Amino acid sequence: MDILHTPTIMLSSFATLVIFAAFFGLAWRQERKSLELLLWSSAFAIGALGFVLLTLRGDGYNFITISLGNALAVLGLAMIWLGLRAFDNQPLKIASALIGPILWIVVTYSSDYVRESVTSRIVLYSLLIFAYSALIAHEIFRSENFRKLPSSYIVAFVFATHGLLYLSRIPLILIWPLAGNTAAGTAQPLWYQLLTFELFLHSLAGGFAFFALVKERTQQRYKLASETDALTGVPNRRSFLAQLESHLATQPARGALLYLDIDHFKAINDRFGHTVGDQVLVEFAQILSKAVPRSAVIARIGGEEFAA
């Protein structure tokens, strides 16, 4: 019984990918230094192109629709992983991202058995989707930067679930085989219909989760900038007083307060200029940072005044 119309779901997934590709592309045009936005836009666009090719497949093997179409879908997922690494300022692993798509093309093109066996193709494709989904989830959990962003856990959940569901296709295809061409509207087993619908939900949730990641990082940067002294890079008066108030509320009997002032600082500015005076402030902040315990908080209160 065909509860969910597979071609309609695939069309909806295609439209979702195109919309997110456009949105991330526009965001990248406004922030050209954010490589992750370009990678995510490309990933969604490549995934959409893969969907187009997959919907054109017939009953038998065709290099363009089967080998290339699925390879583009895998590449899109791999580029999402690359985008996460760029977001986290990690080196891009281009070779690792290309291994999956290339492996798919080589195996499906060169192996007569795989070309003629839908089951073997689904097993291989499911393993590749699981592998890259696992890499995406692992990228989130291994990074301290991502743990500061609540939306990162949504990303990890969406892709970990997606990978596990695709992995479940392997025993399901062996127990409950497909019926004819999946792109032609032929009634398929219920598990295939549900997993195709999951793909649509995954595309939707993943796109919104990445937008939330970008928004949270921007908010975090603004907050950090508002609490940091632009010259020395240490916390400013506002940040120090907020942390001091928090410390007194939780551990009032523990700690010490230091107030430091650089003597004759005006004379330094008058004799050597403000550039040298600024350098003195920077070096003093660095010396102070090394002199106090790592758990201590230092700040520039104003002018040549510091506190810790």
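Guide: The side chains of D270 and K266 meet in a salt bridge, with 2.9 Å from N to O; a salt bridge here is a side-chain nitrogen of Lys or Arg within 4 Å of a carboxyl oxygen of Asp or Glu. The model is a predicted one, in which local features need pLDDT of at least 70 and side-chain atom pairs count only at pLDDT 80 or more, while totals for chains, interfaces and linings use all residues. Residues are numbered from 1 along each chain as its sequence is written, and side-chain values use heavy atoms, with hydrogens and water left out.

D270 and K266 are separated by about one helical turn, because they lie 4 residues apart in helix α12; helices (H or I, at least four residues) and strands (E, at least two) are DSSP runs, numbered from the N terminus. D270 counts as exposed at 56% relative accessibility, and K266 is exposed as well, with a relative accessible area of 61%. Exposed means over 50% relative accessible area, buried under 20%, and partly exposed in between, using a 1.4 Å probe and protein chains only.

Helix α12 (265-272) is also among the elements that cover the buried residues of α13, together with β1 (259-261), β2 (299-302) and β3 (305-307), where contact means heavy atoms within 4.5 Å. The buried residues of α13 are G277, L281, V282, A285 and L288. Seen down the axis of α13, these buried residues fall within an arc of 145 degrees, so they line one face of the helix; the arc is that of the directions from the helix axis to the C-beta atoms. On the other side of α13, T275, I287, K290 and A291 are exposed. The 18 residues of α13 (residues 274-291) should span 26 Å at 1.5 Å a residue, and the end C-alpha atoms are 25 Å apart, which agrees; the expected span is 1.5 Å times one less than the number of residues.

R217 counts as buried at 9% relative accessibility, and E36 counts as buried at 4%.
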